[in-house]
Amino acid sequence: MATWIKAEIIENRRWNKDLFSLILDADTAPFTAGQFTKLGLEIDGKLVQRAYSYVNASSSKYLEIYATRVADGLLSPQLHSLEAGDTVMITKDAAGFFTLEEIPQGDHLWMLSTGTALGPFLSILQEDEVWQRFRKVILVHAVRFSADLSYQAEINALKKKYSDQLVVQPFVSREPKAGALSGRITHALEDGMLERVVGFPFTAEQSQVMLCGNPQMVKDVKALLLEKGLQKNLRKKPGNITVEQYW
């Protein structure tokens, strides 16, 4: 059984009308970058809960989660309305295996995400280990509108700090955006566009791929990568493709 404790809201960063990040202060146990917690609120006498990945580095003073308000959701509209000084319930211990220690060695680490699934990647990118282990890190973030490209200041700071290693490629599917590819990740994989633009191919010898986001994207991209000769990463049989089911 999960142990629930109280977290205080330090700040609610509202990126646009639906996307928001909660910065929290809570006495949680240490976590590993890439893991998730659960947030909960009592609604009509029941603790309504949902899993959210940590965005912050494991060494940060405060905790941070990145979420989207779902119009007919039970929990997310309530979380979206929280302000500094309010409280929310959080699980003391983090969970999940979407962490670097589960990733085999390789030259290139691909991080493919949609929407708020960018969160765990931001956490991992703030750890020294990823830069020590991989020659290149390619962060791909796919959204519908350019206003959904949150955390640009943090991403630009990482690009500046790790200019020789980090490649960032956004996708914006529903409007043109300078520097972003249009359409979906799957289409850019099928026609080779992603590899051409980034400058690296997907190969079983060099590539490690972490997939996180919309379940359909994860399923479709995994199938395309298998066609390219990559293998699913299993503990008993290390491969190239590591997946997080985000909802």
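A residue is called buried here when its relative accessible area is under 20%. The structure is a predicted model. By that cut-off, Leu118, Gly119, Pro120, Phe121, Leu122, Ser123, Ile124 and Leu125 in helix α2 are buried. Because 8 of the 8 residues of α2 (residues 118-125) are buried, the helix is largely enclosed by the rest of the structure.

**Nonpolar core**

The largest nonpolar core has 27 residues, of which Leu109, Met111, Val130, Val137 and Leu139 touch the most other members. At least two residues each come from β7 (108-114), α2, α3 (128-133), β8 (136-143), α4 (152-161) and β11 (207-213). Helix α2 gives the most, with 5 residues. Domain 1 (4-91) and domain 2 (100-245) both give residues to this core, so it lies between them.

Leaving out residues up to four places away in sequence, Val137 touches Leu109, Met111, Leu125, Val130, Trp131, Gln165, Leu166 and Val167.

**Strand pairing**

An open sheet of 6 strands is antiparallel, in the order β4-β3-β6-β1-β2-β5. Its edges are β4 (46-53) and β5 (63-68); each has a single partner strand, so one side of each is left without a neighbour in the sheet. On average, neighbouring strands of this sheet are turned by 40 degrees against each other, direction ignored.

Elsewhere, strand β9 (residues 166-172) pairs in the parallel sense with β8 and with strand β10 (residues 181-182). Since 5 of its 7 residues are buried, β9 is largely enclosed by the rest of the structure. The chain passes from β8 through α4 to β9 in a right-handed β-α-β crossover.

| Strand pair | Sense | Bridges |
|---|---|---|
| β2 and β5 | antiparallel | 6 bridges |
| β8 and β9 | parallel | 7 bridges |
| β9 and β10 | parallel | 2 bridges |

Leu24 stands opposite Leu63 in β5. Val143 has Val172 in β9 as its bridge partner, and the bridge partner of Val172 in β10 is Ser182. In general, strands of a sheet pair through backbone hydrogen bonds, either parallel or antiparallel.

**Thr186**

Thr186 is located in helix α5 (residues 185-190). Its relative accessibility is 13%, so Thr186 counts as buried. Apart from neighbours within four places in sequence, Thr186 is in contact with Asp220, Val221 and Leu224.

Definitions and conventions
Residues numbered from 1 in each chain as written. Predicted model: local features only at pLDDT ≥ 70, side-chain atom pairs only at ≥ 80, totals over all residues. Heavy atoms only, no water. Helix = DSSP H or I, 4+ residues; strand = E, 2+ residues; numbered from the N terminus. Buried < 20%, exposed > 50% of the residue type's maximum accessible area, 1.4 Å probe, protein only. Contact = heavy atoms within 4.5 Å. Pairing = 2+ DSSP bridges. Axes fitted to C-alpha atoms, helices over the stretch in contact; angles between N-to-C directions. Core = buried A, V, L, I, M, F, W, Y, C linked by side-chain atoms within 4.5 Å. Domains from an automatic or database assignment. Right-handed = clockwise from strand over helix to strand, strands pointing away.
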